[in-house]
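Below is a short note for a colleague who works with coordinates. Please read it alongside the model.

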Amino acid sequence: MFSKKEIKFFRTIGFKITLWYATSVLLIVVILGIYLYYRLYYVLNKEMCAILLDEDEDILQHFTETNLNLDALKTEIEKEVSVGKFFKISALLYDIENNSIITSVNSIEFPLKTFEKAINNAKNGNETFDTAKPKDSTDSFLLLTIPVFQDNSPKYVLQMATSLKPSYKTLKNFRDDIIVIMPGIVIITIIGGWFIAKKSLDPVGYITNAAKTITAYNLHTRLKPAHTGSELEELTDTINLMLDRLEDAFRKIIQFTSDVSHELRTPLAALKAGIEVMLAKQRTPEEYCELLENNLIEHEKIINMINDLLVLLKTDAAKQEFYDVDLKKMLCELYTAFQVITETKKIDCTISKMENITIDGDQKLLYRLFSNLLDNAIKYTSPGGNICISLKDLENEVIVSIRDSGIGISENDHNKIFDRFFRVDASRSRDTGGVGLGLSICKNIADLHKGKIEVKSTIGKGSAFLVTLPKSHFNR
């Protein structure tokens with residue numbers, strides 16, 4: 001049984017790469033060895049056949065069908081065989097008509113069946129190559145049987161043979177060499193494969209160890225770039241980008257928590273102080289009523305803040321289901337809903353002529369976006385001022401504009417006003433009941449709809465909030 005550590009090692013990428021590399025090389029060596037073995041066998045056999053043919057041609061080159069002399073042929077056979085250019089050769093001259101052996105030099109007794117088959121082929125005028133094993137011999141021989149013609153017909157059969165022992169010995173040596181070399185190749189492959197895998201995966205170990213040390217307290221730490229140009233460098237860059245996002249998210253969470261705590265502390269402290277003062281001594285019913293009224297106001301501020309936070313949570317969601325939203329109808333409803341307030345405050349609120357435009361979106365969130373902007377415009381516009389609501393249709397998007405002639409916003413604060421809990425004038429914001437979440441909610445809703453919100457404002461001249469929204473979403 002393997003220990004847990006050994007099992008873990010077998011599951012590592014380095015081990016798997018090495019095993020795959022070694023197995024592949026072993027398979028290639030085996031296939032190549034088999035191919036070379038049979039290729040060598042074919043070449044050696046072809047060479048042996050060529051040798052026998054060459055010896056046969058040396059014997060018969062001095063004779064023709066018309067001047068064939070049997071005694072001279074016997075002499076030439078004995079002479080050629082005794083010389084043996086390459087290997088020891090056996091020869092036999094056979095008379096087809098008389099079925100008798102005329103001469104035999106170093107003759108080998110082949111199996112009768114093989115001999116008869118070769119003689120029959122020669123009678124038909126065909127040469128034959130056979131491999132045969134003589135009786136009482138451990139060696140095999142290559143046998144060439146060729147007809148000798150006289151008067152246009154096969155008269156004799158010349159049979160020559162040579163031992164295949166040198167060829168088989170060469171094949172055996174080659175096979176033994178392959179068997180001896182193969183383990184060495186496999187061992188070298190395993191060592192080389194493991195070294196390459198280890199060097200290639202060293203950055204993974206660094207990434208793993210470095211990632212283990214990163215916690216919520218040191219999110220500023222980054223992995224060192226590998227500069228290898230490989231996938232591991234891309235992985236390192238991706239992890240660093242992820243850490244950037246995590247650090248930014250943690251920073252925002254900490255800031256958000258701090259802001260929420262600060263904003264909740266003020267009304268809660270006011271509630272606590274009021275109650276303590278009232279409990280310090282006996283109070284009149286009117287004083288108790290005043291305390292309850294003040295507490296109710298503070299409770300409403302807390303509830304409004306919690307509602308705003310819930311809206312922010314919803315707009316932070318990864319995906320929303322969008323449906324058809326009639327923007328003209330929505331803006332007209334907002335205009336009507338706020339008309340009493342604008343008339344009471346003596347603000348001239350107008351709505352431009354609009355076309356019927358439908359976009360993909362969340363009805364409730366878009367209503368919240370434009371109502372927040374209109375509410376802010378009313379809050380920060382003095383009596384006698386004016387507000388204008390307009391809708392512009394572009395090719396693939398729309399622009400909703402809410403302009404006012406209010407107090408305006410400093411240019412330095414244009415990018416800050418969409419941050420959570422940011423207020424240009426904290427004291428004035430508390431007077432109007434705001435906690436600095438309204439515009440942050442507006443930006444989240446615009447981002448959720450893959451749109452954008454911009455502000456153009458000048459101190460003392462008013463502000464214009466422009467909301468650009470796409471008409472449709474492909475992921476609907």
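1. Overall content. This is a predicted model. The chain has 476 residues, of which 37% are buried. Its secondary structure amounts to 12 helices and 12 strands.

2. Helices α2 and α5. Helix α2 covers residues 13-60 and helix α5 covers residues 165-213; their axes come within 8 Å and cross at roughly 160 degrees. An angle over 145 degrees counts as roughly antiparallel, and α2 and α5 are therefore roughly antiparallel to each other. The crossing of this pair, α2 and α5, is right-handed. Sorted by class, the contact between α2 and α5 comprises 25 nonpolar, seven polar and one charged residues.

3. Helices α8 and α10. Here the axes of α8 (residues 327-337) and α10 (residues 363-379) come within 10 Å, with a crossing angle of roughly 45 degrees. The crossing of α8 and α10 is right-handed. On the α8 side the contact is made by Leu327, Met330, Leu331, Glu333, Leu334 and Ala337, and on the α10 side by Gln363, Leu366, Tyr367, Phe370, Ser371 and Leu374. By class, the contact of α8 with α10 consists of nine nonpolar, two polar and one charged residues.

4. Helix α12 and what follows. How much of helix α12 (residues 438-448) is buried? Eight of its 11 residues are, so α12 is largely enclosed by the rest of the structure. The buried residues of α12 are Leu439, Ser440, Ile441, Cys442, Asn444, Ile445, Ala446 and Leu448. After α12 comes lysine 450, with a positive phi near 60 degrees. Lysine 450 sits in the loop between α12 and β11 (452-458). Its relative accessible area is 57%, over the 50% cut-off, so lysine 450 is exposed.

5. Lysine 346. This residue, lysine 346, is not a glycine, yet its phi is positive, about 60 degrees. Lysine 346 belongs to the loop between α9 (339-344) and β7 (348-351). Is lysine 346 buried or exposed? Its relative accessibility is 64%, so lysine 346 counts as exposed.

6. Serine 140. The loop between β3 (128-132) and β4 (141-150) holds serine 140. Why does serine 140 count as buried? Its relative accessibility is 16%, and buried means under 20%. With neighbours within four places in sequence left aside, serine 140 is in contact with Thr131, Ala132, Lys133, Ser163, Leu164, Lys165 and Tyr168.

7. Cysteines. The disulfide count is zero, a disulfide being a pair of cysteine sulfur atoms within 2.5 Å. Cysteine 49 has 15% relative accessibility and so counts as buried. Cysteine 332, at 31% relative accessibility, counts as partly exposed.

Definitions and conventions:
Residues are numbered from 1 along each chain as its sequence is written. This is a predicted model: local features need pLDDT of at least 70, side-chain atom pairs count only at pLDDT 80 or more; totals for chains, interfaces and linings use all residues. Side-chain values use heavy atoms; hydrogens and water are left out. Axes are lines fitted to C-alpha atoms, for helices over the stretch in contact, and angles run from 0 to 180 degrees between N-to-C directions. Helices (H or I, at least four residues) and strands (E, at least two) are DSSP runs, numbered from the N terminus. A crossing is left-handed if the near helix is turned anticlockwise from the far one by less than a right angle, and right-handed if clockwise. Contact means heavy atoms within 4.5 Å. Ala, Val, Leu, Ile, Met, Phe, Trp, Tyr, Cys and Pro count as nonpolar, Asp, Glu, Lys and Arg as charged, and the others, Gly among them, as polar. Buried means under 20% relative accessible area, exposed over 50%, partly exposed in between (1.4 Å probe, protein chains only). Angles under 35 degrees count as roughly parallel, over 145 as roughly antiparallel, 65 to 115 as roughly perpendicular and the rest as oblique.
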